[in-house]
Amino acid sequence: MVSLTHHIVEQRRLQPDSAEEFSTIINRIVSGGKSIARDLSSAGLSDRLGTTDAKNVHGEQVQRMDARANQLFVEAFQDCDIVQIVVSEEMDEPFVVAHAEGSGKYAVFFDPLDGSSNIDVNVSLGSIFSIHRLDSTGNFLKAGCEQVAGGYLLYGASTILVYTCGDGVHQFTLDPVAGEFFLSASNVQIPARGNIYSVNEGNSSKWSKNMRNIVDYFRDDDKETGRPYSSRYTGCLVADVHRVLLKGGIYLYPGEVQKPEGKLRLMYEAAPLSFVVEQAGGLGSTGVERIAGIHPKTPHQCVPLIIGSREDVEVAEHFLCRE
Ligand code: AFP
């Protein structure tokens, strides 16, 4: 069995010094993720379910486990001297790591607990991460195509970690007895086309006509292209995109007529997931441009997201370019 630590050292795309740094960063992410997995597995027996009184920067009610997951990731980096900045969905301002202030080379972006409304009903959740190198001016807001690595943890029937550092997509499964992640799939490839579409159709009255046409297209009957597709949606982006990654198909969280930027966040949702999916041969798009090419203006910026099998995303782009 290949452990995660061993696998990282072997990554061909990384220079020896950055492989060591990357290994340090990923180990800290893993340690936060393992604590989250442990807390989630007994959340109903502790006081971890339910909401806090706080709202996050996006105006969403913060769940207790959101706050806890954020705390666990921040703690994991508190004494790290190579990560200078931690950005999280649950913190309005970037957290500056005192040990690395002025010298740390990296910034790490998190959605600490994705799909947190699933906690109370015991459905899958995730954590998403993205690692960037600061440039010489200390700028950490870089386009997705400049990520050092991106990936996610998925807390489902088992806990898995999926990551890419630009050399394919690799999946690891947590052995709860050994407390370690072991390789469970390497060089994951997404099918060129799938038979699943994943979208919150309850929002369809807020979409543009072309957006509604996309979903109608995937629901239409057409033997040659394998339609109608099946609909799957858990409300946890990580779980829904992971399904699409393995089985093929398309995930959509579009903008709305009154809110064209959509709901999902560029730096810690759309960009790292697009990095993973594109490394597996798929596409991550807003519908009119590639997610990987967007230069962020703010850490918490939102973008529409259409992601998945290359041919399915291209179909959606084709509809939207008529707008
Ligand atoms: P958070 O739990 O991190 O806020 O993320 C939830 C989420 O951004 C993403 O996981 C889902 O795909 C999406 O929201 C679900 O949103 P809807 O409830 O609007 O469908």
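In this predicted model, strand β5 gives three residues to the shell around the ligand, the largest share of that shell. The ligand lies between two domains, because domain 1 (4–185) and domain 2 (196–320) both contribute residues to the shell.

- The space that the ligand takes is the second largest pocket.
- Two elements, β5 (106–114) and β13 (250–253), each give two or more residues to the shell.
- There are 18 residues around the ligand, and those that come nearest are Asp114, Asn200, Tyr233, Tyr251 and Tyr253.
- By residue type, the shell divides into seven nonpolar, four polar and seven charged residues.

**Polar contacts and burial**
- In tyrosine 251, an N or O atom of the side chain is 2.8 Å from an oxygen atom of the ligand; Tyr251 is also among the residues that come nearest to the ligand.
- In lysine 263, a polar side-chain atom lies 2.8 Å from an oxygen atom of the ligand.
- In leucine 113, the atom concerned belongs to the backbone: a polar backbone atom is 3.3 Å from an oxygen atom of the ligand.
- The ligand exposes 470 Å² when taken alone, and the protein buries 84% of that area.

**Two backbone features**
- Most peptide bonds are trans, and most residues other than glycine have a negative phi.
- The peptide bond joining arginine 227 and proline 228 is cis, with omega at about 10°.
- Proline 228 is located in the loop between α4 (209–219) and β12 (230–231).
- Asparagine 122 is a residue other than glycine with a positive phi, near 60°.
- Asparagine 122 is in the loop between β5 and β6 (125–133); β5 is also the strand that gives three residues to the shell around the ligand.

Methods:
Residues are numbered from 1 along each chain as its sequence is written. This is a predicted model: local features need pLDDT of at least 70, side-chain atom pairs count only at pLDDT 80 or more; totals for chains, interfaces and linings use all residues. Side-chain values use heavy atoms; hydrogens and water are left out. A residue is near a molecule or strand if one of its heavy atoms lies within 4 Å of it. A polar contact is a pair of N or O atoms within 3.5 Å; within protein, one must be able to donate a hydrogen and the other to accept it, and residues adjacent in sequence count only if both atoms are side-chain atoms. Accessible areas come from the Shrake-Rupley method with a 1.4 Å probe; for residues, only the protein chains shown count as cover. On a 1 Å grid over the protein atoms alone, a cavity is a set of points where a 1.4 Å probe fits but cannot get out, and a pocket is an open set with protein on both sides within 12 Å along at least five of seven lines; lining residues have an atom within 4 Å of a point. A molecule sits in a cavity or pocket if more than half of its atoms lie within 2 Å of its grid points. Helices (H or I, at least four residues) and strands (E, at least two) are DSSP runs, numbered from the N terminus. Ala, Val, Leu, Ile, Met, Phe, Trp, Tyr, Cys and Pro count as nonpolar, Asp, Glu, Lys and Arg as charged, and the others, Gly among them, as polar. Domain bounds come from an automatic or database domain assignment.
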